[in-house]
Amino acid sequence: MCGEDPTLLKKHRKNYDHRRQWIVDRIDRLSKAFAVDIAAYAVMSNHYHLVVFVDVERAKNWNIKQVLLQYCKVFEAHPWVKSYLDPDKFHTLTQMQIQWVEETADTIYRKRLYSISWFMRSINEPLARIANAEDLCKGRFWEGRFKAQALLDEQALLTCMAYVDLNPLRAGIAQTPESSNYTSVQARIETELPASNHRRKKSRKTNNQRRYDYNFARLKPFVDSKAKSSINIKDKIHLLPFKLKDYLELVDASARMARTDKRHMDSSLPPIFERLQIETDARWWASAMSGRSTVMANARQFAHAMGNALNLKQFRDRVKQQTETWRQQIPSPGKQPPS
């Protein structure tokens, strides 16, 4: 799908790595429109992984115009929607048309903008059409519908983020996390670490060209992230309740863990901060571990309602309530609705 064509005859093989950038670009575009933040991603040759945070409250706080503007970043706007958003044409709409636009935005568009199903559909359908056009064929491009799993606590979140970022290394197509192309860990190293550190200063070309000839997707920031959000609307963005350096150490340690069924990183390699030539000292750890760090204080504020037992209970109660609401909306068999 996105890698080397496994055709037996080498002269007929084609490389489709450029399609991996298609997926990253699409993820980046959708993250700026949907109320869905990307915590981690990895684009492999025949599949991709995403760890996402669906911010329902952010979407519910958008006003009608904001919903329409966000929706039109991805989908073709209805003519009435275009007129509604155009100050010069708004007066041409009738009251009925205005009411239709506002009701559609509030009841349909808003829900789509925080729906994982619509988010995944908006990735897969356009890419399938483009790939089929490139291959001069028709039919199904993806094997099946996406699979999703709820992450209810920090441990689950960290486990899945590290699993996703280590996919290329476990598959044997990368030697270290920072060399794993089309992954969020590489994107964070290149975009969120200080640009003045020794490693990047040495490796940067004199004409300020990029280290890589591809782009990275916008990611949900850590509590200490220096990267700025590219969302146009001034929303309150919830941060990942971890520090970037802590996460990189976790990924580096996980990459060294030997598995009989997967590849692992060479244990003789120096720690990730030595490879990246980033300075860390005891003062930073003392500040973080003692609670004097403002970053850790912010993390505690974000994580005060988190925890395995509490999140499982909340998830259970929420699903139960949603199920009861859904059952109440279904008319009982044999009963006719009142006229």
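Here are a few questions and answers about this predicted model.

Q: How many helices and strands does the secondary structure of the protein chain come to?
A: Let's start with the overall picture: the protein chain has 339 residues, of which 39% count as buried. Among contacts with a separation of 6 or more, 63% are between residues 24 or more positions apart. The secondary structure comes to 15 helices and two strands.

Q: Are α7 and α11 parallel, antiparallel, perpendicular or oblique to each other?
A: Helix α7 covers residues 154-165 and helix α11 covers residues 244-255. Their axes come within 10 Å and cross at roughly 60°. The crossing is right-handed. An angle under 35 degrees would count as roughly parallel and 65 to 115 as roughly perpendicular, so α7 and α11 are oblique.

Q: Does Cys 72 count as buried, partly exposed or exposed?
A: Buried means under 20% relative accessible area, and exposed means over 50%. Cys 72 has 28% relative accessibility, so Cys 72 counts as partly exposed.

Q: What is the relative accessible area of Cys 137?
A: The structure holds zero disulfides. Cys 137 is partly exposed, a class that lies between buried and exposed. The relative accessible area of Cys 137 is 36%.

Methods: Residues numbered from 1 in each chain as written. Predicted model: local features only at pLDDT ≥ 70, side-chain atom pairs only at ≥ 80, totals over all residues. Heavy atoms only, no water. Axes fitted to C-alpha atoms, helices over the stretch in contact; angles between N-to-C directions. Helix = DSSP H or I, 4+ residues; strand = E, 2+ residues; numbered from the N terminus. Parallel < 35°, antiparallel > 145°, perpendicular 65-115°, else oblique. Left-handed = near helix turned anticlockwise from the far one by under 90°. Disulfide = S-S within 2.5 Å. Buried < 20%, exposed > 50% of the residue type's maximum accessible area, 1.4 Å probe, protein only. Contact = heavy atoms within 4.5 Å.
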